[in-house]
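Hello,

Here is the structure I promised to pass on, with my notes on it below. I hope they are handy while you have it open.

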Amino acid sequence: MKIIMLGAPGAGKGTQAKKLAARYGIPHISTGDIFRMNIKNNTELGKKAKGYMDAGGLVPDELVVDLVVDRIKDQDCMKGFILDGFPRTIPQAEALDYALNNQNEKIDYAINIDISDEAIIERMSGRRACVGCGATYHIVNLPSKVEGVCDNCGEKLILRDDDKPETVKKRLEVYHEQTQSLIDYYNKKGLILNIDGTTGADVIFEEITKVLDE
Ligand code: AP5
């Protein structure tokens with residue numbers, strides 16, 4: 001099963017992608033996590049991506065597309081994959097289609113998690129991310145067992161630099177300008193599954209899997 005997660009920053013794509021990956025035994029590929037790992041390890045890619053991310057903008061297509069196209073050719077993607085945060089522009093979507101066409105494959109579902117900007121700003125200020133493994137929590141909706149400490153690996157939890165309110169506003173602007181049009185792009189292909197993102201994470205997961213299991 002080949003799945004794309006769509007939705008504004010903070011809509012809950014990562015939360016659902018992790019649960020879906022565990023349920024269907026397919027890899028969760030988050031371009032945001034890949035960039036953050038590269039920033040942490042101070043790689044060339046990380047150095048190039050950091051400025052764009054901290055400013056709430058998009059990393060240029062040429063730094064993202066090959067990375068994802070190569071990743072989905074890996075052995076663990078043979079049964080499928082969940083792309084979280086990619087594609088984010090029409091050229092990225094077209095590049096993905098082209099790469100999949102070449103392998104006689106296609107996307108099965110583009111899951112769009114729908115939620116208002118106001119709800120997102122509220123959510124992001126409460127998100128905490130682990131500096132070690134990247135797991136995410138929410139101080140109210142999904143708290144860690146010990147405040148400020150990751151349940152998985154015991155590392156510190158922080159507010160991501162790009163989760164500060166002014167940067168979230170910029171990310172939302174960029175989303176509406178460059179990414180939202182992908183809903184239309186995949187709708188025209190009959191692949192969109194629209195999900196109300198305002199309910200609890202477990203309810204959303206149930207709604208998604210009901211359709212995917214059909
Ligand atoms: P990325 O990491 O992909 O960020 P994003 O799309 O902005 O998404 P987030 O990770 O912020 O949110 P999410 O939707 O996964 O929500 P989550 O599940 O964590 O990208 C970061 C940056 O990298 C980009 O800004 C860009 O610069 C760059 N980048 C990445 N990919 C790129 C690409 N393809 N092209 C160019 N640049 C790229 O949930 C949010 C919070 O809400 C959490 O605290 C969670 O616990 C809570 N929550 C989740 N679901 C619920 C629920 N149902 N009810 C209540 N709370 C909930």
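In which helix does R123 lie? R123 is found in helix α6, which covers residues 117-126; helices here are DSSP runs of H or I with at least four residues, strands are runs of E with at least two, and both are numbered from the N terminus.

Before the rest, a word on the source. This is a predicted model, in which local features need pLDDT of at least 70 and side-chain atom pairs count only at pLDDT 80 or more, while totals for chains, interfaces and linings use all residues. Residues are numbered from 1 along each chain as its sequence is written, and side-chain values use heavy atoms, with hydrogens and water left out.

Back to R123. This residue is buried yet has no salt bridge, and the nearest side chain of opposite charge, E122, is 5.9 Å away. Buried means under 20% relative accessible area, exposed means over 50%, and partly exposed is in between (1.4 Å probe, protein chains only). A salt bridge needs a side-chain nitrogen of Lys or Arg within 4 Å of a carboxyl oxygen of Asp or Glu. What the side chain of R123 does reach is the backbone oxygen of A11, at 3.0 Å.

Now to the salt bridges. Side chains of opposite charge can pair when their charged atoms come close. The whole structure has 15 salt bridges. One of them joins D163 and R171 at 2.9 Å, N to O. D163 is buried, with a relative accessible area of 2%, and R171 is buried too, at 11%. Through salt bridges that share partners, R127, R160, D162, D163 and R171 form one network.

Two other pairs involve partly exposed residues. D76 and R71 meet in a salt bridge at 2.8 Å, N to O; the relative accessible area is 40% for D76 and 23% for R71. K164 and D161 form a salt bridge at 3.3 Å, N to O. K164 counts as partly exposed at 33% relative accessibility, and D161 is partly exposed at 42%.

There is also a negative surface patch, made up of D114, D196, E206 and E207. Patch residues have over 30% relative accessible area and no salt bridge, with like charges joined within 9 Å. Asp and Glu count as negative, and Lys and Arg as positive; His and the chain ends are not counted.

The peptide bond from F86 to P87 is cis, with omega near -5 degrees, and P87 sits in the loop between β3 (81-84) and α5 (90-102). N42 has a positive phi near 55 degrees although N42 is not a glycine. You will find N42 in the loop between α2 (31-40) and α3 (44-54), where N42 is exposed with a relative accessible area of 52%. For N104, phi is also positive, near 55 degrees. N104 belongs to the loop between α5 and β4 and is exposed, with a relative accessible area of 75%.

Finally, A201 is in helix α9, residues 201-212, and counts as partly exposed at 35% relative accessibility.

Best wishes

Definitions and conventions: Patches are made of residues with over 30% relative accessible area and no salt bridge: like charges are joined within 9 Å, nonpolar side chains (Val, Leu, Ile, Met, Phe, Trp, Tyr) within 5 Å. Accessible areas come from the Shrake-Rupley method with a 1.4 Å probe; for residues, only the protein chains shown count as cover. The place of a charge is taken as NZ of Lys, CZ of Arg, CG of Asp or CD of Glu. A polar contact is a pair of N or O atoms within 3.5 Å; within protein, one must be able to donate a hydrogen and the other to accept it, and residues adjacent in sequence count only if both atoms are side-chain atoms.
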